[in-house]
Amino acid sequence: MSLFVASGLVKRFGGLLATGGVDLTVEPGEIHALIGPNGAGKSTLVNLISGMLAPDAGKLALDGVDLTGLPPHWRVRAGLSRCFQVTSVFARDTVRDNLLLAAQAHAGSSFHCLGQRDREAALLAVAHELAETVGLGDALDRVAGTLPHGAQRKLDVALALAARPKLLLLDEPMAGMGPEDSLQMVALINRLRERTAILLIEHDMDAVFQLADRISVLVAGRVLTSGDAAHVKAHPEVQSVYLGT
Ligand code: ADP
Ligand code: MG
């Protein structure tokens, strides 16, 4: 059974069909990339999945749980976490405090049996582990807003991971990055495979071809084709419509 299933998703803005009946699945452990030219409907689809927009038709389910109609924060609880294009860190707080806050927000009742001190220690351990995971283990005392762009994006990913997602939505994680930061982000996303399935929207085709187990090409609100990198590269319409060759 697929981890995530979107079926028959439709979204209109007035007379414009932004999402024209999209079916999309993500398998457990899969990195599924979504590519397509500007205006193809990628952000609309991400917003439908995360619950920022309500579809005109269609259904969504994650791990057997029907997400259709649930507000965004309930979807997070159901295992869907989103990393925003706009950085969502608390700029004046340290990396540690940002992560502590996120860990606390998502701890639920898991540490309730512990006393105050043990609870704090447990949350701190979670925060440190998240920092290590994204490569910010040495930056715990840094004020988040003073971090370079690449490190802030890593912190964004760590904050999304604090929710312990089953499916992580990454909307252009490499946006605005130089080559060195992009390489590090590719390596980081690769490491995340072990913890969560990923739906990756990304313009950097090198990164997409390196990371994705499957690529879906969105054109004018519809999935043109879906397959591995070799399939997508060889698809004649993809070459003309998207890669511009
Ligand atoms: P992409 O992310 O692939 O560039 P979008 O999902 O942002 O594409 O946009 C798809 C289409 O829907 C575009 O034609 C865009 O102008 C339109 N669109 C997106 N959001 C809105 C909105 N809130 N109101 C009206 N039209 C929108
Ligand atoms: Mg977009």
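Biologist: Where is the place of A220?

Modeller: This is a predicted model, and in it A220 sits in the loop between β9 and β10. Its phi is positive, about 50°, although A220 is not a glycine.

Biologist: And is A220 buried, exposed or partly exposed?

Modeller: A220 counts as partly exposed, because 14 other C-beta atoms lie within 10 Å, and the buried class would need 20 or more.

Biologist: What sheet do they belong to, and in what order do the strands come?

Modeller: They are part of an open sheet of 6 strands, ordered β6-β7-β8-β3-β9-β10, with mixed pairing. The edges are taken by β6 (80–83) and β10 (222–227), and each of these has a single partner strand, so one side of each has no neighbour in the sheet. From one strand to the next, the twist averages 20°.

Biologist: Which helix packs on the sheet, and which strands does it touch?

Modeller: Helix α1, residues 42–50, packs there and touches β3 (31–35), β6, β7 (167–171), β8 (197–201) and β9, while its direction makes about 150° with that of β7.

Biologist: Okay, helices now. At what angle do α4 and α5 cross, and how close do their axes come?

Modeller: The axes of α4 (residues 116–134) and α5 (residues 149–161) come within 9 Å and cross at roughly 135°, and the two helices are therefore oblique to each other. The crossing in which α4 passes α5 is right-handed.

Biologist: Which residues meet there?

Modeller: From α4 there are L130, A131, T133 and V134, and they meet K154, V157, A158 and L161 in α5. By type, the residues of this contact divide into 6 nonpolar, 1 polar and 1 charged.

Biologist: What about D118, is it buried or exposed?

Modeller: D118 is found in helix α4 and counts as exposed, because it has 11 C-beta neighbours inside 10 Å, where the cut-off for exposed is 12 or fewer. If you want a distance from there, the C-alpha atoms of D118 and L140 are separated by 20 Å, with the two residues 22 apart along the chain.

Biologist: Last topic: which way do β1 and β4 run, and how many bridges join them?

Modeller: Strand β1, residues 4–13, and strand β4, residues 57–62, run antiparallel and are joined by 5 bridges, with S7 standing opposite K59 in β4.

Biologist: And what do β4 and β5 form?

Modeller: They form a hairpin with 2 residues between the strands, and D63 in the turn has a positive phi of about 55°. Here β4 and β5 (residues 65–66) pair in the antiparallel sense over 2 bridges, and the bridge partner of A61 in β5 is D66.

Notes: Residues are numbered from 1 along each chain as its sequence is written. Chains are lettered from A and ligands numbered from 1 in the order in which they are written. This is a predicted model: local features need pLDDT of at least 70, side-chain atom pairs count only at pLDDT 80 or more; totals for chains, interfaces and linings use all residues. Axes are lines fitted to C-alpha atoms, for helices over the stretch in contact, and angles run from 0 to 180 degrees between N-to-C directions. Helices (H or I, at least four residues) and strands (E, at least two) are DSSP runs, numbered from the N terminus. Angles under 35 degrees count as roughly parallel, over 145 as roughly antiparallel, 65 to 115 as roughly perpendicular and the rest as oblique. A crossing is left-handed if the near helix is turned anticlockwise from the far one by less than a right angle, and right-handed if clockwise. Two residues are in contact if their C-beta atoms, placed from the backbone, lie within 7 Å. Ala, Val, Leu, Ile, Met, Phe, Trp, Tyr, Cys and Pro count as nonpolar, Asp, Glu, Lys and Arg as charged, and the others, Gly among them, as polar. Two strands pair if DSSP finds at least two bridges between them.
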